[in-house]
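Me: I have a structure open and would like to go through parts of it. Can we start with the strands and then move on?

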Amino acid sequence: MKISENWLREWVNPDLSSAQLVDQLTMAGLEVDAVESAAPDLAKVVVAEVLSCVQHPDAERLKICQVNDGGPEPVQVICGAANVAAGQKIVFAQVGAVLPGIKIKKAKLRGVESFGMICSEQELQLAETAQGILVLPAEASVGIPIAEYLQLNDTLIEIDLTPNRGDCLSIAGVAREVFANNNTAFNALKIDPVEAQISDQFEVELLNKKACPHYVGRVIRGINGATKTPLWLREKLRRCGLRSISPVVDVTNFVMMELGQPMHGFDLNKLSGGIRVRNALSGEQITLLDGTQLECREDTLVIADHQKALALAGIMGGLDSSVQADTQDILLEAAFFTPSLIAGKARSYGLHTDSSHRFERGVDPELQLQAIQRATALLLEITGGSPGPVLEQRSDADLPLLPSIRLRHQRIERMLGIAVSVEQVEAILSRLNMRFSSQNDGWTVTAPSYRFDINIEADLIEEVGRIIGYNNIPGSKESAHVRMESFSERVVTTNRLRDALVLRGYNEAITYSFVSPELQQILHPQQATLSLANPISSDMSEMRTRLLPGLIQALRHNLNRQQSGIRLFETGLCFIPQPAAELIQRNHIAGVISGMPQIESWLDEKRTLDFYDIKGDLEALMQLSNPHAFEFKPGSEAILHPGQGADIYYLNNKVGFVGALHPSVLKALDIDQKVFVFELETEGLLVKDLAKFNELSKFPSIRRDLALIVDQNISAQQLINSINSINSEIIRDVFVFDVYTGKEVIINRKSVALGLILQGFSRTLTDKDVDQSVAHVLQILEKEHNAVLR
């Protein structure tokens with residue numbers, strides 16, 4: 001939110017410089033994001049009067065003006081604005097003045113000399129566009145600097161408020177904070193009731209009192225909608241980042257920035273029957289002020305008449321009932337909408353407005369009457385008209401309750417760590433407009449209606465500390481009681497898995513849990529997903545069912561920046577919806593590699609990462625837990641390349657996969673090089689058996705190699721599993737050291753070479769012992785896999 005320092009000081013003017021004020025606001029919790037000047041340096045730009053205005057003899061669109069700028073003689077100026085006329089008070093840039101992008105010099109236009117320039121608001125950077133020169137009020141004094149007349153020596157302060165401080169989304173709200181921090185004079189705006197001049201009323205019905213428990217309206221007839229908004233009001237709006245539109249809109253925006261109450265004006269003659277605050281009908285259509293056509297949902301609160309929806313409540317008005325230049329009769333509206341019931345509605349329609357920003361955070365439910373009176377007085381001053389009586393509908397049972405909070409003096413000192421006197425606490429509560437009564441050990445406190453963030457004792461203690469000033473609370477060294485944390489040797493932490501991958505050259509990625517539907521469909525086809533009701537954007541609208549979509553996006557980001565040898569991993573939750581409206585959340589770990597395994601060097605053979613690199617990384621993780629509980633089986637994942645993928649099983653349950661992405665998947669992802677991935681549930685990786693000591697044999701081991709002919713579909717792991725199932729006392733290890741297919745092997749068969757390590761514990765093995773064991777192995781392999789010695 002952007003505010004004018006001059007406007008703020010009209011309410012409260014502490015003895016602080018601009019820099020000190022900005023620092024104080026930030027330390028009070030109203031973080032200042034930016035500070036800028038209200039206008040460029042306008043030296044030698046003054047208020048002047050057009051004495052005469054005649055047509056240029058050689059130019060149809062130019063006029064020769066004689067201007068009184070306060071000097072001894074009138075100044076001749078050539079002006080091309082259509083609205084310039086004699087008798088006007090204008091803004092005049094004298095020769096030598098420097099405007100944004102323009103240096104004013106003596107000039108000659110079509111043979112006639114010009115000594116200066118009559119300025120528009122756009123040239124002064126007081127507006128984005130302008131239809132002609134800026135005409136000042138007739139009472140403006142000739143010769144005074146325009147910066148002085150318009151009070152342009154002002155500072156614009158942009159404040160980034162936290163969502164709980166909706167009470168500060170106005171000049172009045174920030175002024176309350178400055179007053180509380182400085183205990184200086186507070187010039188609260190005095191709003192006198194505007195008496196009704198006509199008896200015209202308009203029926204108001206609250207059909208959803210929970211969502212709108214307070215609605216105030218007022219009929220004003222006979223306004224002049226074509227009147228131009230006064231310069232002082234337009235300037236205050238500009239300095240708050242709002243552009244001038246029309247008197248009615250400008251007044252409602254002004255009241256919103258001044259008091260914090262969003263308002264709206266309807267063209268009374270476009271309304272039918274009366275106002276009804278209700279939920280939208282299914283499929284009900286509305287065209288908003290910005291031209292957007294919406295189809296409303298039934299959970300959306302609307303302001304309607306007896307025929308149609310007129311506005312999205314708390315968000316934006318409708319075009320069909322809007323106030324135009326020819327509007328003469330209006331209905332002013334100021335309402336309170338329950339924050340919890342209106343939050344998120346604007347975003348669900350792709351909208352965000354100043355009104356929705358305030359109503360979602362909470363507007364004072366007691367502010368509506370003041371706002372309608374303030375807006376009425378301003379409108380009558382600017383546009384004229386005759387106001388009717390104030391129309392009010394109120395449901396006290398549905399308005400927010402103001403909790404009575406117990407505040408203990410001892411608790412304040414304990415939480416803040418400093419001594420705070422009773423008088424000091426009561427002074428702070430008074431400056432914060434809190435109502436309180438003294439108790440034996442403290443106070444019972446009720447927050448003002450605009451403070452939605454004060455609900456418990458800790459909130460009040462925070463307020464006391466905030467007003468005292470966190471910089472005024474001295475630091476202290478607390479004693480720490482260190483306690484040794486116990487841990488189980490059966491547990492492998494997620495951090496241990498992270499460390500293992502980092503040691504193998506991976507970098508950890510952290511991506512959003514929300515992914516693109518298109519990317520989700522490519523990397524996890526046929527899997528149902530959970531769609532978000534209010535997504536950040538259309539390409540982040542579904543909860544991920546795998547970690548791969550985020551990792552692939554990170555991979556593409558790096559590939560597009562010519563990175564090689566990419567190794568990324570991530571751990572996090574994945575979300576699997578179930579038919580019975582349940583949602584299963586599982587922790588996954590996933591990795592992706594592509595490119596070269598290391599920096600190219602003359603010392604090493606040039607190659608690219610392959611399946612066995614990523615499989616080895618995955619096996620390194622399994623070694624941290626129970627490696628024998630995991631098993632690789634031929635892959636079934638559609639996104640993996642046939643023959644270069646495997647499913648991962650833990651205790652005979654599939655928990656993940658590893659392999660190369662299928663060429664069609666790479667094409668859909670617009671990646672032109674091989675990519676290898678793995679993903680599995682982390683549950684099995686986080687447990688392990690306790691280490692057990694086995695006696696080391698003091699007798700020599702013997703190795704026997706077996707070259708076996710087996711069918712192509714028999715995996716080496718199946719052969720190893722069959723040998724391990726024998727539970728032989730002397731077979732210590734089995735491993736594969738060669739696989740061969742060629743002309744010497746029968747078609748559809750292959751040769752697998754296994755190495756057997758045999759060793760006894762009680763004696764040195766004899767050839768007979770080894771031969772018997774090897775024969776038993778061959779017998780088992782022949783029986784189970786039709787394996788024969790090559």
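This is a predicted model: local features need pLDDT of at least 70, side-chain atom pairs count only at pLDDT 80 or more; totals for chains, interfaces and linings use all residues.

Me: Which strand does E17 pair with, and in what sense?

Reply: E17 pairs with E20 in the antiparallel sense, over four bridges. Within that pairing, Val277 stands opposite Ile303.

Me: And what joins E20 to E21?

Reply: Three bridges join E20 to strand E21 (residues 309–312), and the two run antiparallel. Ile303 has Ala311 as its bridge partner in E21. E20 and E21 form a hairpin, with four residues between them.

Me: What holds paired strands together in general?

Reply: Strands of a sheet pair through backbone hydrogen bonds, either parallel or antiparallel.

Me: Now Arg278. Where is it?

Reply: Arg278 is in strand E17 (residues 275–279).

Me: Is Arg278 buried or exposed, and why?

Reply: Arg278 counts as buried because its relative accessibility is 12%, and the cut-off for buried is under 20%.

Me: What does Arg278 touch?

Reply: Leaving out residues up to four places away in sequence, Arg278 touches Leu207, Glu284, Thr300, Leu301, Val302, Ala304, Lys308 and Ala309. With Glu284 there is a polar contact of 2.8 Å between the side chains.

Me: Different topic. In what order do the strands of the open sheet with E16 come?

Reply: The order is E16-E23-E15-E24, four strands with antiparallel pairing. The edge strands are E16 (263–267) and E24 (386–394), each pairing on one side only. From one strand to the next, the twist averages 20°.

Me: How many bridges join E16 to E23?

Reply: Five bridges join E16 to strand E23 (residues 330–336). One partner in E23 is Glu333, which is bridged to His264.

Me: Which helix lies across E16 and E23?

Reply: Helix H6 (residues 247–259) lies across both strands and runs at about 160° to E16.

Me: On to the cores. How many residues are in the largest nonpolar one?

Reply: The largest nonpolar core has 48 residues, and Leu25, Ile159 and Val174 have the most contacts inside it. H6 supplies the largest share of this core, seven residues.

Me: What does Ile159 touch?

Reply: Not counting residues up to four places away in sequence, Ile159 touches Met1, Ile3, Leu25, Leu30, Glu31, Val32 and Val174.

Me: Which residues does the second core include?

Reply: The second core is separate and has 28 residues, including Leu497, Ile614, Ile648 and Val655.

Conventions. Residues are numbered from 1 along each chain as its sequence is written. Side-chain values use heavy atoms; hydrogens and water are left out. Two strands pair if DSSP finds at least two bridges between them. Axes are lines fitted to C-alpha atoms, for helices over the stretch in contact, and angles run from 0 to 180 degrees between N-to-C directions. Contact means heavy atoms within 4.5 Å. A nonpolar core is a set of buried Ala, Val, Leu, Ile, Met, Phe, Trp, Tyr and Cys residues joined through side-chain atoms within 4.5 Å. Buried means under 20% relative accessible area, exposed over 50%, partly exposed in between (1.4 Å probe, protein chains only). A polar contact is a pair of N or O atoms within 3.5 Å; within protein, one must be able to donate a hydrogen and the other to accept it, and residues adjacent in sequence count only if both atoms are side-chain atoms.
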